[in-house]
Amino acid sequence: MLDTRFGVYERYIVQWVTATNRHNEIIVLGWCVRDTDDTQWATLFQHEDETVCRKVCEMLNEKELTNVRRT
C-alpha cells in the first residue's frame, strides 16, 4: 500500500478489528496485520494491543524491504 503522506510502499498494514453491539455501536475488539499484496488482504496476525500489532507490522515491512534490496 502506498502511503501518500510519505510516498512509501508498505506491504503490511495495521487495521482495527471491530464489531457492533446490540445498540449498533462500533466497538474496537483488537488489531490485526494484513497483507496488501494478497487479493483477499489476508490477516497474518491479530492481537488486542495495537502496539504489538504495529511492532509486528514494522518487522514484516523491514523484512520485505530487505528481501527487495537483495534481489
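Asp37 pairs with Arg11 in a salt bridge, with the closest N and O atoms 3.6 Å apart. Asp37 sits in the loop between S4 and strand S5 (43-47), while Arg11 is in the loop between S2 and S3, so this pair ties together parts that are 26 residues apart in sequence. The model described here is predicted.

Arg11 also forms a salt bridge with Asp35, where the closest N and O atoms are 2.9 Å apart. Asp35 belongs to strand S4 (residues 26-35) and Arg11 to the loop between strand S2 (8-9) and strand S3 (12-20), so the contact joins parts 24 residues apart in sequence. Asp35 is buried, at 8% relative accessible area. Arg11 is partly exposed at 21%, and Asp37 is partly exposed at 43%.

## A pair within helix H1

The whole structure contains 4 salt bridges. One of them connects Glu50 and Arg54, at 2.9 Å from N to O. Both residues are in helix H1 (residues 50-70), 4 residues apart, or about one turn of the helix. Glu50 is partly exposed, with 28% relative accessibility, and Arg54 is partly exposed, with 43%.

## Cysteines

The structure has 0 disulfides. For Cys32, the closest cysteine sulfur is that of Cys53, 6.8 Å away, which is too far for a bond because a disulfide requires sulfur atoms within 2.5 Å. The sulfur of Cys57 also has Cys53 as its closest cysteine partner, at 8.7 Å, again too far for a bond. Cys32 is buried at 4% relative accessibility, and Cys57 is buried at 7%.

Terms used
Residues numbered from 1 in each chain as written. Predicted model: local features only at pLDDT ≥ 70, side-chain atom pairs only at ≥ 80, totals over all residues. Heavy atoms only, no water. Buried < 20%, exposed > 50% of the residue type's maximum accessible area, 1.4 Å probe, protein only. Salt bridge = Lys/Arg side-chain N within 4 Å of Asp/Glu carboxyl O. Helix = DSSP H or I, 4+ residues; strand = E, 2+ residues; numbered from the N terminus.
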